[in-house]
Amino acid sequence: MARSRVYIAALIASLVLVSSARAEGLAPYQITGDGIANSLTGTPGDAARGRALVLARTTTCILCHSGPFPETRFQGDLAPDLTGAGNRWTASQLRLRMVDAARFNPDTIMPSYYRADGLVRVGRNFAGKPILSAAEIEDIVAFLATLRD
C-alpha cells in the first residue's frame, strides 16, 4: 500500500512537471544527476547551426564567453573560455547548463535559455517565453560538444 502511494505521488509530480512545461510551450525534460540526458527535440542538433548561434551577438554565448573563434572580434571575458568545452562537459551537462544555468549556481549571470518561469530582470521581448527554442539549444549543444582541446 505504501509503495503504491509513493508511485502515485511520483507519477503526479512528473505529470505536473510535464504539463507545466507544455503549458508554456516548452518540451518536457528530465534532469538526471547533473544533466539532461535526452535531446529536447528527440533528435541531435546541427553543429553548424549551433556555431552560428554561439557567435550571434543578439542573444547567446559570445557576449560573455570567448573561444576558438579567431575570425570573431570582441569576444566576451565575463565567463569561461569555451575552448575544450566538449572535454569538460558531456552533452547532457551542456544541455542542462543551457536550459537552466542557475541549477549549478543560483547567483550566475548566465541566462537560463530554456525557462519561462521564476525569472527576474527579463526583457519585455522574452517575458513568459524562453530565449532559445529546443532546436536552438540542441544545435548549440551539438556544437559545444565538438570543441575539444
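This chat covers the pockets and the confidence of a predicted model.

User: What do local features need before they count here?
Analyst: This is a predicted model, so to speak of local features takes pLDDT of at least 70, side-chain atom pairs count only at pLDDT 80 or more, and totals for chains, interfaces and linings use all residues. Residues are numbered from 1 along each chain as its sequence is written, and side-chain values use heavy atoms, with hydrogens and water left out.

User: How much space is in the largest pocket?
Analyst: About 590 Å³. A pocket is an open set of points on a 1 Å grid over the protein atoms alone, where a 1.4 Å probe fits, with protein on both sides within 12 Å along at least five of seven lines. The volume is the space filled by probe spheres set on the points.

User: Which residues lie nearest its centre?
Analyst: H65, A79, A101, T108 and M110, out of 26 lining residues. Lining means having an atom within 4 Å of a point.

User: And the second largest pocket, what volume?
Analyst: About 460 Å³. It is lined by 19 residues, with M110, P111, S112, L119 and V120 nearest its centre.

User: Switching topic. Where is confidence lowest?
Analyst: In helix 1 (residues 2-23), with a mean pLDDT of 37. Helix 5 (residues 134-146) is highest, at 98. pLDDT is the predictor's confidence in each residue, from 0 to 100. Helices are DSSP runs of H or I, at least four residues, numbered from the N terminus.

User: What about the chain's mean?
Analyst: It is 84, and 84% of residues reach 70 or more.

Definitions and conventions. Helix = DSSP H or I, 4+ residues; strand = E, 2+ residues; numbered from the N terminus.
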